[in-house]
Amino acid sequence: GSLENFVCFQQRVLGAVKLLEDQARHWEPVDRTIEEMCWHWIPELKRHGQLMQKLPVAARRAHYGETVTTAVDGTKYGEVTVEDETSWVLRVMSSTGERYVVTEEVFRRNHNVANPVEVPSSRYVSEQQRDDLIAEGFLLYSSRRHFWALPIEYHHLDFFPTGRFETPDGVQTVRVGDSLAADFPGEDFVFLVPKRSLEQTCQEVDPQSEGVRFMRAVKA
């Protein structure tokens, strides 16, 4: 009896081990979800990230049906097809010149919409580029947007089985040197900021400044 029980138990264990081995052989990595990114990275961003503020950005109304690709130096970070007539297309005022789409609500929350000015030329925007942006209907809006940013290092890559993660705007690819980011206040999801965009279109903010303390109080 006891010997038969032991043999039966051993067979069950061996069967379970074989099942696990088969599952491991057929396991395919998946992109990190929005929820997984929030759970893991938002505490890290608050502890170790730098608080940043966006500099002014060029913006225009989006056109229904247009496809806006966010790309930097030929690398695609996302793509959105506009499905309404209220969204906005933002064009970063840097040498990368990437574009992305935001909703009306997000645009009004993050920008001073009352007094836009004509898009200027600058160190990163040539006169021809300025003229093209004006012809498209872009105007320059000052930003109220703040976010936490944490540069991606090699050891961070271990968290990403596929090297990618989900955002509300689609899947983004992790690259060393770019930054993981989350809006402040109201850290609802994690997104990527390309290295040059962070350097050219954002400025560091003191988390203990009066303005930041006011935003914390309003959010609370």
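## Pockets, cores and a hairpin in a predicted model

The largest pocket is lined by 43 residues, and those nearest its centre are Val102, Val106, Arg145, Asp183 and Phe189. A pocket here is an open set of points on a 1 Å grid over the protein atoms alone, where a 1.4 Å probe fits, with protein on both sides within 12 Å along at least five of seven lines, and lining residues have an atom within 4 Å of a point. The model is predicted, so local features need pLDDT of at least 70 and side-chain atom pairs count only at pLDDT 80 or more, whereas totals for chains, interfaces and linings use all residues. Residues are numbered from 1 along each chain as its sequence is written, and side-chain values use heavy atoms, with hydrogens and water left out.

Strand 4 (residues 75-81) gives the most to the lining of the largest pocket, with five residues; strands (E, at least two residues) and helices (H or I, at least four) are DSSP runs numbered from the N terminus. The second largest pocket is lined by Leu55, Pro56, Met93, Pro120, Ser122, Tyr124, Leu140, Gln200 and Thr201. The volumes tabulated below are the space filled by probe spheres set on the points, which are joined across faces, edges and corners.

| Pocket | Volume |
|---|---|
| Largest pocket | about 1100 Å³ |
| Second largest pocket | about 150 Å³ |

Of the 220 residues of the protein, 38% count as buried, that is, under 20% relative accessible area with a 1.4 Å probe and protein chains only. The largest nonpolar core has 21 residues, and Met37, Trp41, Phe160, Phe165, Leu180 and Val190 have the most contacts inside it; such a core is a set of buried Ala, Val, Leu, Ile, Met, Phe, Trp, Tyr and Cys residues joined through side-chain atoms within 4.5 Å. Two or more residues of this core come from each of helix 2 (34-48), strand 8 (146-151) and strand 11 (179-184), with helix 2 giving the most, five residues. Apart from this core lies another, of twelve residues, among them Ala58, Val82, Val89 and Val125.

Leaving aside neighbours within four places in sequence, Phe165 is in contact (heavy atoms within 4.5 Å) with residues including Met37, Phe160, Leu180 and Val190. Strand 9 (residues 164-167) pairs with strand 10 (residues 170-173) in the antiparallel sense over four bridges, where pairing requires that DSSP finds at least two bridges. A hairpin of two residues joins strand 9 to strand 10, and Thr167 stands opposite Gly170 in strand 10.

Technical notes
Buried means under 20% relative accessible area, exposed over 50%, partly exposed in between (1.4 Å probe, protein chains only).
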